[in-house]
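Here are some quick notes for when you have the model open. I've kept them to a few spots that can be checked by eye.

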Amino acid sequence: MTRGIKHRKKAKNKNKGSKKEGGSSSSLAPQIPAKVWQPGVDKLEEGEELQCDPSAYNSLHAFHIGWPCLSFDILHDSLGLVRTEFPHTVYFMAGTQAEKPSWNSIGIFKVSNISGKRREPVPKVETDDSGMDGEDSDSDDDSEDEDEGVAQGPSLQLRKVAHQGCINRIRSMPQNPHICAAWADTGYVQVWDLSSHLNALAETETEGVQGVAAVFTQDPLHKFKHKDEGYAIDWSLLVPGRLVSGDCDNSIYLWEPTSAGTWNVDNAPFTGHTGSVEDLQWSPTEPHVFASCSVDGNIAIWDIRLGKSPAASFKAHNADVNVISWNRLASCMLASGSDDGTISIRDLRLLKEGDSLVAHFEYHKHPITSIEWSPHEASSLAVSSADNQLTIWDLSLEKDEEEEAEFKAKTREQVNAPEDLPPQLLFIHQGQKDLKELHWHAQIPGMIVSTAADGFNILMPSNIQSTSRNYIGTHRFLE
């Protein structure tokens, strides 16, 4: 399992508007057709670099909060259950991976004025007597967006709470977003009340970027020490305050809330895995049931009413199972990602029949680091990998030869997609280094946020509302 940040470096602000050498171009220069770059297949020659296709995104922004963050969560807010109009505002909490234990913190932050625009999934081609195809018009629109982005870019407000040790994973309670649980590399799982910081951010003006954030000191509401550090943690969707945490000592502990605002942690763990417990997911429909995955290659289903052994267990991958995601819109579906780069989808209704596997993908060639079903489309999920790719999949897609021909005719062969891409692969996002975790925004359809060694990305692919076409958005932010 690839877990930690490889090279921990504190990010520094870079000058905006910088250009690469030789970046100027002439209208008389020959136009080279755009080509889709295939990760793991194509190689960058000397002097070549990847370019972002801005038309592949409705919105794309990058930011950092200083030290890299291995884990974060998007907080449910009161700004609207389904938000589709720009600009957007998003609240986060994240845990740092600092060079020294005492330098770590929980970051609570608000990103506002997230701009973007709607684009057509299939580019419109307009012709006139001069033979121009409308590219100049699109370029002008993009340049206008860039100019607006410099003057009215996203605003970041940040508050920090001191935390001893690196934070392996952090999760906000769904019913009370100001309550979070943080897994530390010290072996402690701690529950925090961050309501005062969120209230302060809600009252903060959004104009401009805040300076260096002060670090506040406060005590956690509750803490529990495992025998070893861990990464697996999840809040129940159905029982407020109910929590499970799993560690590298193969053990899972159940936390039950008390009326006094603390937690009772059962000292007798759930056991059954023979390797480190890597991820946990509560059932979205059954309050007593959760799933776990492990380095032993297995996925286990547990019922807390039936003792400390799994109700069911099965071999899921031929390598470590790093992450799992339980579909909240189709509760019979469970997705998993492995250290060998494979992704599997299982229908839990078929477990008793022995073979619950309904889909298996081998597109990624490096460990899967995060996987999550879309909160808005039951057939869609997003995946991040150690190959520095974030991919979006739609299991309802199938290859359509007639549709392929029609699309090529509309784009005049300007989009040369690789022939061997799985038809279910909807989008590829690149440009981040050492990708670790991603989340969909439950209140903003189509928005995904990811964290990596070099910071966060907020992205909204332009084809996320139209599942008719594979799209690849390759980007790299210039230094």
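Predicted model: local features only at pLDDT ≥ 70, side-chain atom pairs only at ≥ 80, totals over all residues.

1. Start with β6, residues 167-172, and its partner β7, residues 179-184. The two run antiparallel and are joined by 5 bridges. Together they make a hairpin, with 6 residues sitting between the strands.

2. How much of β6 is covered? Mostly, it turns out: 6 of its 6 residues come out as buried. As background, side chains in a regular strand alternate between the two faces of the sheet.

3. Next, have a look at Q281, which belongs to strand β15 (residues 277-282). Its relative accessibility is 16%, so with the cut-off for buried at under 20%, Q281 is classed as buried. A polar atom of the Q281 side chain lies 3.0 Å from the backbone nitrogen of W326. Beyond the neighbours within four places in sequence, Q281 touches D234, F290, A291, I324, S325 and W326.

4. Last stop is L221, in the loop that links β9 (215-216) and β10 (222-225). Buried or partly exposed? L221 counts as partly exposed, because its relative accessibility is 35%.

5. L221 also has contacts beyond its neighbours within four places in sequence, among them I179, V191, D193, G261 and W263.

Conventions. Residues numbered from 1 in each chain as written. Heavy atoms only, no water. Helix = DSSP H or I, 4+ residues; strand = E, 2+ residues; numbered from the N terminus. Buried < 20%, exposed > 50% of the residue type's maximum accessible area, 1.4 Å probe, protein only. Polar contact = N/O pair within 3.5 Å; in protein donor to acceptor, adjacent residues only side chain to side chain. Contact = heavy atoms within 4.5 Å. Pairing = 2+ DSSP bridges.
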